[in-house]
Amino acid sequence: MNAAISSVDENKTARSRLARLNDWVAQTAALTRPDAVQWCDGSDAEYAALLELMQKDGSLLPLNPDTHPRSWLHRSDPRDVARVEHLTFVCTSEKDAAGPNNHWMAPADGHRKMDELFAGCMRGRTLYVIPYCMGPIDSPLARCGVEITDSPYVVVNMRMMTRMGAAALTRIETEGSFVKGLHSTGELDPDRRFIMHFPEELSIKSYGSGYGGNALLGKKCHALRIASWQARQEGWLAEHMLIVGIENPRGETHYIAAAFPSACGKTNLAMLIPPESYRDAGWKVWTVGDDICWMRPGADGRLYAINPEAGFFGVAPGTSANSNPNALACISHDTIFTNVALTQDNQPWWEGLEGTPALDWQGRAYDPANGPAAHPNSRFTVSARQCPSYSPRAEDPQGVPISAIVFGGRRPSLVPLVFEARDWTHGVLVGASMGSETTAAATGAVGVMRRDPMAMKPFCGYNFADYFTHWLGFEKPGAQLPKVFHVNWFRKGADGQFLWPGFGENLRVLEWMIERVEGRVGAEETAVGRFPAKADFNLEGLALSAEAAEELFAFHPGEWKAELLEIGDYLASYGDGMPPRLQQEASHILSILE
Ligand code: GTP
Ligand code: SPV
Ligand code: MN
């Protein structure tokens with residue numbers, strides 16, 4: 001075959017691949033009955049037109065242009081302010097494939113239920129077609145999707161959070177495969193709201209919410225629930241992890257991936273600014289990602305990671321010049337704020353910032369009797385390119401090599417500041433037995449301790465038993481796996497205050513990890529893992545009381561025994577599919593404690 005003919009063939013194939021997308025758009029329009037269909041190209045002109053449209057209809061309010069140029073406030077429906085885990089389903093042909101960790105519905109029932117809601121729902125609205133790429137557009141680790149939505153707010157958020165538009169469409173034409181996501185804000189009625197996933201079909205249907213993880217389908221729905229399913233089939237990992245590069249004074253950079261549950265510190269750790277003494281010594285921190293990590297073994301056996309996202313959808317409250325100056329710099333312009341409060345001069349405001357609010361997140365005159373001025377799950381959406389610490393390697397199509405994996409949660413008692421797992425199996429157990437107090441990122445009670453394995457309880461698109469087996473399977477000949485650690489920034493003293501200052505000071509903990517990775521320091525062996533020796537951990541210049549310093553590193557075998565018993569019961573609740581190695585590991589630790 002000569003070159004001309006083969007390229008004609010390729011064009012034909014590309015067209016027929018796009019035909020699949022065209023057909024799906026046409027079928028969806030026939031079901032939802034929009035007034036217009038708009039294909040999004042991701043251009044500046046398109047973005048400007050959408051902003052103007054939303055300013056006109058009141059769904060975006062311009063902020064003070066002197067202090068926050070080209071920035072906007074969106075107020076969501078007050079009944080629609082967080083992810084809804086009780087309304088999120090994984091629809092697989094076998095119930096067991098979704099596992100006890102997911103709500104399940106048979107695919108046919110799921111489709112029927114959703115299609116009833118979608119019927120005619122876009123009358124009077126525009127149907128937007130959003131082609132997007134999760135990951136650098138030229139990365140072999142990246143994956144594409146198309147979201148159909150009737151929400152212009154979703155379009156402008158997806159433009160910042162993903163590589164959206166013409167380039168993604170071109171990649172879809174070449175590859176032919178993409179994740180299908182259908183979304184409508186519907187009536188925003190909590191009784192007519194579902195987020196459904198069909199991993200076997202690589203598709204998502206979301207109805208009745210306009211909020212973050214419920215509506216920006218590239219994020220939790222695609223990049224975690226569907227991607228975790230694909231990752232298991234294809235031999236990689238899709239995780240709820242930040243990725244950060246730590247450059248030491250010798251100029252060597254180690255990349256660390258860390259899984260903390262929602263609103264437990266990923267954005268803050270990813271953008272950490274070193275304490276002054278560390279800055280002076282030459283330490284630097286590079287942000288690769290703040291929420292999601294896709295990683296797979298490279299030719300050298302190490303795990304290589306990309307951030308599938310292109311922006312940050314970060315928690316606003318608590319973000320301040322003290323806690324996270326990098327985030328504050330990111331959001332000083334070209335940012336969309338959701339559910340924050342406003343000052344008298346129309347600046348965005350939340351608890352943790354200086355100054356006083358005039359209007360609360362619902363637009364009412366601020367009255368402390370109504371609760372916090374900003375919603376506790378209020379957020380900012382901003383392009384990662386605006387981050388002063390954005391890593392030059394963040395766009396590397398091959399990803400960055402991971403030296404350490406860190407697990408952590410909100411544990412007011414028992415769990416020390418840091419410990420290291422003995423080996424990969426123990427590390428998987430440490431991740432699988434993670435616990436944390438719930439936060440405002442999802443609806444429901446806040447501050448309730450629950451098991452949240454690998455920070456994936458709300459996001460793993462399949463049975464946790466199979467997920468743990470998949471994790472264990474990465475240990476094979478030739479593998480150069482990262483060391484695994486557990487941290488706890490949220491340990492509290494008898495007075496209910498955090499014992500550890502956190503934020504920038506967390507670099508001290510990362511330094512110890514890197515020393516361990518490089519084999520420069522030893523550690524103290526305990527039944528539950530390796531603890532730092534006092535002499536190897538830098539507490540210099542910290543105003544820590546002697547008791548706090550003692551407690552943060554203390555090992556309490558009796559309490560750990562109770563914890564291990566609980567973990568054993570939790571793992572057993574996943575039944576027969578659970579890898580015996582994990583339970584053996586837990587029993588082994590328990591036997592040392594006894
Ligand atoms: P999602 O975007 O929901 O996945 O959350 P996240 O894990 O990125 O959480 P984020 O970094 O936004 O932190 C959420 C909350 O934890 C904020 O209120 C922070 O102030 C608080 N926080 C973060 N790091 C620390 C820390 O080191 N110590 C303490 N005490 N609080 C922290
Ligand atoms: C989380 O809840 O973990 C988030 C925010 O990162 S959302 O996009 O709403 O899921
Ligand atoms: Mn998250």
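Predicted model: local features only at pLDDT ≥ 70, side-chain atom pairs only at ≥ 80, totals over all residues.

Reader: With strand E19. Which strand does E19 pair with, and in what sense?
Author: Strand E19, residues 336-338, pairs with E22 in the antiparallel sense. There are 3 bridges between them.

Reader: Which residue stands opposite Phe380 in E22?
Author: Phe337 stands there.

Reader: What else pairs with E22?
Author: Strand E18, residues 311-315. That pairing is antiparallel too, over 5 bridges. One of the partners is Gly311, which bridges to Ser383 in E22.

Reader: How many residues of E22 are buried?
Author: 5 of its 5. The strand runs over residues 379-383 and is mostly covered.

Reader: Which way do the side chains point?
Author: Arg379, Thr381 and Ser383 point one way from E22. Phe380 and Val382 point the other way. Both sets are buried.

Reader: Take Thr381. Why does Thr381 count as buried?
Author: Because its relative accessibility is 0%, and the cut-off for buried is under 20%.

Reader: What does Thr381 touch?
Author: Leaving out residues up to four places away in sequence, Thr381 touches Asn157, Met160, Met161, Phe312, Phe313, Thr335 and Ile336. With Asn157 there is also a polar contact between the side chains, at 2.6 Å.

Reader: How far is Thr381 from Thr526?
Author: 43 Å, C-alpha to C-alpha. In sequence they are 145 residues apart.

Reader: Now the ligand. Which residues come nearest to ligand 1?
Author: Ala263, Lys266, Thr267, Asn268 and Arg379, out of 20 residues around it.

Reader: Which backbone atoms reach ligand 1 oxygens?
Author: A backbone N or O atom of Ala263 lies 2.7 Å from a ligand 1 oxygen. For Gly265, a polar backbone atom is 3.0 Å from an oxygen of the ligand.

Reader: How much of ligand 1 does the protein bury?
Author: 91% of the 660 Å² that the ligand exposes when taken alone.

Reader: Which residue is annotated as active site?
Author: Cys264, according to the UniProt annotation. That entry is unreviewed.

Reader: Where is Cys264?
Author: In the loop between strand E14 (253-259) and helix H9 (266-270).

Reader: Is Cys264 buried or exposed?
Author: Buried, because its relative accessible area is 2%.

Reader: And its contacts?
Author: Cys264 touches Arg410, Ser436, Thr439 and Phe490, not counting residues up to four places away in sequence.

Reader: Switching to helices. How many residues of H12 are buried?
Author: 9 of its 9, over residues 424-432. Among them are Trp424, His426 and Leu429.

Reader: What happens at the start of H12?
Author: A side-chain oxygen of Asp423 comes to within 3.4 Å of the backbone nitrogen of Thr425.

Reader: Last one, Lys95. Where is Lys95, and is it buried or exposed?
Author: Lys95 is in helix H3, residues 95-98. Lys95 counts as exposed because its relative accessible area is 55%.

Reader: How far is Lys95 from Ala106?
Author: Their C-alpha atoms are separated by 7.5 Å. Along the chain they are 11 residues apart.

Definitions and conventions. Residues numbered from 1 in each chain as written. Chains lettered and ligands numbered in written order. Heavy atoms only, no water. Buried < 20%, exposed > 50% of the residue type's maximum accessible area, 1.4 Å probe, protein only. Helix = DSSP H or I, 4+ residues; strand = E, 2+ residues; numbered from the N terminus. Pairing = 2+ DSSP bridges. UniProt positions renumbered as here; feature names shortened; annotations may be inferred. Contact = heavy atoms within 4.5 Å. Near = heavy atom within 4 Å. Polar contact = N/O pair within 3.5 Å; in protein donor to acceptor, adjacent residues only side chain to side chain. Areas by Shrake-Rupley, 256 points an atom, 1.4 Å probe, with all protein chains shown as cover.
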